[in-house]
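Hello,

Here is the structure we talked about. Please open it and keep it beside you while you read my notes below.

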Amino acid sequence: MIQSMTGFGKATLQLPTKKVTIEIKSLNSKGLDLNTRMPSAYREMELGLRNQISQSLERGKIDFSLFIEVTGEETTSKINAPIVRAYIAQIKEIIPEADITELMKMAIRLPDTLKTEREEIDENEWAAIQNAINEALKDINQFRKDEGLALENEFRTRIANIRQLMNDAVAYDSERVETVKTRLRSALDEIQVTVDENRFEQELIFYLEKYDITEEKVRLGNHLDYFLETLNGTEANGRKLGFITQEMGREINTMGSKSNHSEMQKLVVMMKDELEKIKEQVLNVL
């Protein structure tokens, strides 16, 4: 089963003094483009976190966010009391009659009145956060699988359409041969010349061989089968599907250049349209 690179996963964790929320978003990308956003206190865990995410998601433009909401009474920000007292003393010299409450309001707004103490990461707490991250990864992978199933159904429909259009185009082959014969006969009759029938048939065969699409039909059919076979694989195969669509495009283009028949050309255009829709969606496949 194929997977989409588009997905979203979320998990929440309630700790004694804080609430942890993990969100992971992904879009299509040629490789792994991982962007992480987390509190500075957890930055030392970023390398291991990146490895954890890359092993699970493999490819895509990934946005990882770790939000911390303090719900307890503890806080890492403390009032820098000596600095506040120094500010109050300086302001008092300038405005001796100022009320102490007003002095406090002014002082607390000045720089360096709050200091943030670096909090050491608790191993048990981080282990719980990692479990929540794994839940979010599981959530986004399920999202990717569901999206992949929708893509697979669309691919199968488009492939079946191309196959039907190809067969419809081939059905015009005998009519095309007769049209060419008639056109050549009419041209000879107009100039009123006598030709050797055997030579005429030889030249006609040579002419028609240039427009024969049997090989293209066989190769295109093989590419369609290979595309479906790859869909049924278990490995990440978005790149391979992209390569197969390129080969399909070559065969369809060659059929169009050889068709020399208005109805066949219309069918070739419809095949190209179906193929372009496949190519657009293949970009989202993991």
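**Around I83**

Leaving out residues up to four places away in sequence, I83 touches P111, D112 and T113. I83 sits in helix α2, which covers residues 81-94. Is I83 buried, partly exposed or exposed? I83 is partly exposed, because its relative accessible area is 30%. Look also at I108. The C-alpha atoms of I83 and I108 are separated by 9.3 Å, and the two residues are 25 apart along the chain.

**The whole protein**

Keep in mind that this is a predicted model. The protein has 286 residues, and 36% of them count as buried. It is built with 9 helices and 6 strands. Now take the contacts between residues at least 6 apart in sequence. Of these, 80% join residues at least 24 apart.

**Helices α2 and α3**

Stay with α2 for a moment. Its partner here is helix α3, residues 100-108. The two axes come within 9 Å and cross at roughly 120°. That angle makes α2 oblique to α3. The crossing is right-handed. Which residues of α2 and α3 meet? From α2 come V84, Y87, I88, I91 and K92. From α3 come I100, L103, M104, M106, A107 and I108. By type, the residues of this contact are 10 nonpolar, no polar and 1 charged.

**Helices α7 and α8**

Next, find helix α7 (residues 214-231) and helix α8 (residues 238-259). Their axes come within 9 Å and cross at roughly 160°. An angle over 145 degrees counts as roughly antiparallel. Therefore α7 and α8 are roughly antiparallel to each other. This crossing is left-handed. On the α7 side, the contact includes L220, H223, L224, F227 and L231. On the α8 side, the residues include L241, I244, M248, I252 and M255.

**The nonpolar cores**

In soluble globular proteins, nonpolar side chains tend to be buried together. The largest nonpolar core here has 26 residues. Which of them touch the most other members? They are F155, I162, L220, F227, M248 and M271. Helices α4, α7, α8 and α9 (262-282) each supply at least two residues of this core. There is also a second, separate core of 23 residues. A11, I53, L66 and A136 are among its members.

Now zoom in on F155. Not counting residues up to four places away in sequence, F155 touches I2, F227, L231, I278, Q281, V282 and V285.

Start with R158. It lies in helix α4, residues 123-171. Is R158 buried or exposed? R158 counts as buried, because its relative accessibility is 19% and the cut-off for buried is under 20%. Neighbours within four places in sequence aside, R158 is in contact with E274, K277 and I278.

Then turn to E58. This residue is in the loop between α1 (46-57) and β4 (60-70). What is the phi of E58? It is positive, at about 65°, although E58 is not a glycine. E58 has 43% relative accessibility, so it counts as partly exposed.

Best wishes

Notes. Residues are numbered from 1 along each chain as its sequence is written. This is a predicted model: local features need pLDDT of at least 70, side-chain atom pairs count only at pLDDT 80 or more; totals for chains, interfaces and linings use all residues. Side-chain values use heavy atoms; hydrogens and water are left out. Axes are lines fitted to C-alpha atoms, for helices over the stretch in contact, and angles run from 0 to 180 degrees between N-to-C directions. Helices (H or I, at least four residues) and strands (E, at least two) are DSSP runs, numbered from the N terminus. Angles under 35 degrees count as roughly parallel, over 145 as roughly antiparallel, 65 to 115 as roughly perpendicular and the rest as oblique. A crossing is left-handed if the near helix is turned anticlockwise from the far one by less than a right angle, and right-handed if clockwise. Contact means heavy atoms within 4.5 Å. Buried means under 20% relative accessible area, exposed over 50%, partly exposed in between (1.4 Å probe, protein chains only). A nonpolar core is a set of buried Ala, Val, Leu, Ile, Met, Phe, Trp, Tyr and Cys residues joined through side-chain atoms within 4.5 Å. Ala, Val, Leu, Ile, Met, Phe, Trp, Tyr, Cys and Pro count as nonpolar, Asp, Glu, Lys and Arg as charged, and the others, Gly among them, as polar.
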